[in-house]
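Visitor: I would like to learn how to read the features of a structure like this one. Please show it to me and take the features in turn.

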Amino acid sequence: MSQPEYTTAQATALTNHDRKPIHIPGSIQPHGVLLALSTQLEILQVSNNTQVYLGKEPEDVLGRPLSYLIDPRQVEIVKQCLGKKIGTANAFKVLINTLNGERYFDAIAHRTEEAVILELEPTDSESEVSFLSFHALAGEAIAKMQRTSNLVEFLHLVAEEVQKIIGFDRVMVYQFDESEAGSVVAEVKREDLSPYLGLHYPATDIPAQARELYTRCFLRFLPDLTAEPIKLIPTENPTTHQHLDLSYCLLRSFDRCCTEYHQNMGVKALLVISIIQEQKLWGLISCHHQTPKYVSYEVLKMCEFLGQIVSSELAHKISYSEWDYKVKLKSLQSEFLESISQADNFIDALIKPEIRLLDLVSASGAAVCLDNEINLVGTTPNIHEVQALIEWADTQVSDNLFSTDSLPKLNSEALIFKDTASGLLLLRISKVRRYYILWFRPEVIQTVHWAGNPQESIQAQADGSYTLSPRKSFEQWQETVRLTSLPWKPCELDSAIALRNAIVGIVLSKADELAKINLELERSNQELASFAYAASHDLKEPLRGIYNFSTVLLEDYAQVLDDEGIECLQTVVSLSVRMETLINALLRLSQLGQAQLRLQATDLNELLNQVIDVFRASRQDSGLVDIRIPRPLPTVLCDRVLVNEVFSNLLGNAFKYNDKAEQWVEIGYFSQEAGGQGDKGTRGQGDKQNNQSPIPNPQSPITFYIRDNGIGIPHHHLETIFRLFKRLHSQEKYGGGAGAGLAIVKKIVELHNGKIWVKSTVGVGSMFYFTLE
């Protein structure tokens, strides 16, 4: 089968397979019992194995109230599902009297659109796993994962820790790519098993319907792939006359194709844990065992919890692994945009020096098209080929940004210049004028290692249709991929968009008017700062009088005042103290607006030690806090006193807004240092520090960060927290305060020509970044 034929057959087979209703199989796995209940908790459907587990025939159970099987208190737990969103489960232990005596079950209840589903799995344990027991099993694994910043090490550690908990023969981390195909990026296995690490799997192996279920349900457990499924009685819900939706059921039976696929791999038991990133299915933790293997519900929930921790931590690991490259692009972008804003000639700003335009997206060539004028930079197709390519883009591309790593597959005429332009990134600057920038990348011949021939999964039928059929071989199969370039990264696309915005907003707009407005704003800000200083300074004297006279009245005339009068005076004292705090903050901010920086070479390690000493001295529980510095901080040129205030405020906030039992803060930095060393091999190494603090290249941008595991900040407040007197909580919570600390920090950072920003996840923690330039 040729590649075009395979692509067509694959699309047809996937479409046919995705129509299969795998979420309503009408049966369950045999290691438990399922009951479908009405909203009045009457038993409408049961699995055809109630005699095995409950000692009652299905006919004896159907139509009965749930209280026929379990006691009223546990019925109430099931009833609570009616008020929860679909898929949210209530889990509890239940004791049921059977013909063979009393028997304990793990009960899991959730609701669907039309019913309440109760799953019962027999258990030898009559008690819930305690939090301490759970923490003992999962806590160490979580701590190890959080300490690791390298993405590859992190994923391998995930596989190791999951295998320790469940004891399966093989645990893999499987990552999806943009085409929904995937590859094994981490693996821990029994020594005698063949490795799957690095192998690729086609999208047909996990079709869209299965991926959608993995996105909704974070856990899928099949303890015995050889077991016969148990039918539901009756087959359809007697109220809706529809098959029961088992999307969120742990006991949901498996598809025949899934069974055959894994049995061809020699797998008899399967556990799959979803990894979700930005509400999308990033990958799977796939666990295989060569013999049937049952895992208790408590252990399954622990695995699900670990999966959620992995999903949460993954964003940080990806951010760390991509950070150096992003910082480089940001630096280039900043320099490039500055040159554009100051240039008299638009073309010169874009292509001289030419390396800037190419480095902005890591391209080997570029073409700048302004109407009929085309300028070429680097290694590109010739002028006539570029003109033809723009003509093609005019009819085929509607968006302002278009990218492909396989242009010849979209435009057959591009085959003649595949060596220079198999990859294309096209930026449309104007829809009115013919303004384009095109970047090119050459063909890179790649060898992809598949787990078996992916074309084997597509089977042609007698009627000419195509269906999915499980592959029988998973031996390594090599494919040579041609007519493709290295893929364009999201940060490179962002860099191109930033260039477009700069051209539209700076070059094509009235730069002179913006400069005048900025000058006027600066003057206004200086006047406003002077006014704030004078006003706040003059307000302190009358306010002090209000406080003093109120205190005198309370001390000397309390006996002639009633309780209401005393309470009013106490309120006046309290409000005057509060107002003085606000005025002091306003005064401090206005002082900063008129301050002259006293720049000096400052060893930030020495400065930070002073900050930490003061912080610990001011806290009685300082022994409980964990302050981590992964590596020595650099020596920088700054105002020592003001930067001390920055670290003090951010460190204080990190512990102030933290409700965890084990609080920690990590202080470090990222840099693009001379020689390209950056942060390789330094982050996440705990207390392993060098004896001397590095002094980076003065031209290199340094980004400091303070990361905590506190309460986090809602996304819609990430900008507002830097406003003066902006508090997200009442005065009574988290120790009160004026709400000026972050505004002061922002002002100090800006005085150093730096920037400050924050990334945060509610309940997980925050990471403040700032630069000092």
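Visitor: Is Arg-190 buried, partly exposed or exposed?

Guide: First, the ground rules: this is a predicted model, in which local features need pLDDT of at least 70 and side-chain atom pairs count only at pLDDT 80 or more, while totals for chains, interfaces and linings use all residues. Residues are numbered from 1 along each chain as its sequence is written, and side-chain values use heavy atoms, with hydrogens and water left out. Buried means under 20% relative accessible area, exposed means over 50%, and partly exposed is in between (1.4 Å probe, protein chains only). Arg-190 has a relative accessible area of 35%, so this residue is partly exposed.

Visitor: With which residue does Arg-190 form a salt bridge?

Guide: A salt bridge is a side-chain nitrogen of Lys or Arg within 4 Å of a carboxyl oxygen of Asp or Glu. Arg-190 pairs in this way with Asp-169, and their closest N and O atoms are 3.4 Å apart. Asp-169 is buried, because its relative accessibility is 9%.

Visitor: How many salt bridges does the rule give?

Guide: The count is 22. One of them links Glu-606 and Arg-640, with the closest N and O atoms 3.2 Å apart. Because Glu-606 is in helix α18 and Arg-640 in helix α19, this pair joins parts that are 34 residues apart in sequence. Glu-606 is partly exposed at 43% relative accessibility.

Visitor: Where do Glu-750 and Lys-746 lie?

Guide: Both are in helix α20, four residues apart, which is about one turn of the helix. Glu-750 is partly exposed at 39% relative accessibility, and Lys-746 is partly exposed at 28%. Elsewhere, salt bridges that share partners join Lys-93, Asp-106 and Glu-298 into one network.

Visitor: Which residues of the largest nonpolar core touch the most other members?

Guide: A nonpolar core is a set of buried Ala, Val, Leu, Ile, Met, Phe, Trp, Tyr and Cys residues joined through side-chain atoms within 4.5 Å. The largest one has 41 residues, and Phe-647, Leu-651, Ile-667 and Phe-770 touch the most other members. Elements that each supply at least two residues include α18 (604-618), α19 (640-656), β26 (664-671) and β29 (765-771). Helix α19 gives the most, with eight residues.

Visitor: Which residues gather in a patch of negative charge on the surface?

Guide: Patches are made of residues with over 30% relative accessible area and no salt bridge; like charges are joined within 9 Å, and nonpolar side chains (Val, Leu, Ile, Met, Phe, Trp, Tyr) within 5 Å. Accessible areas come from the Shrake-Rupley method with a 1.4 Å probe, and for residues only the protein chains shown count as cover. Lys and Arg count as positive and Asp and Glu as negative, while His and the chain ends are not counted. The place of a charge is NZ of Lys, CZ of Arg, CG of Asp or CD of Glu. The negative patch here holds Asp-562, Asp-563, Glu-564 and Glu-567. Asp-562 is in the loop between α16 (511-556) and α17 (563-593), and is partly exposed at 48% relative accessibility.

Visitor: Which residues form a nonpolar patch on the surface?

Guide: Val-552, Leu-553, Tyr-557, Val-560 and Leu-561 do, with about 420 Å² of accessible area together. Tyr-557 lies in the loop between α16 and α17 and is partly exposed at 44% relative accessibility.

Visitor: Which residues does a cis peptide bond join?

Guide: The bond joins Ile-233 and Pro-234, with omega about -15°. Pro-234 is in the loop between β11 (230-233) and α8. His-241 is also placed in the loop between β11 and α8, and has a positive phi near 60° although not a glycine.
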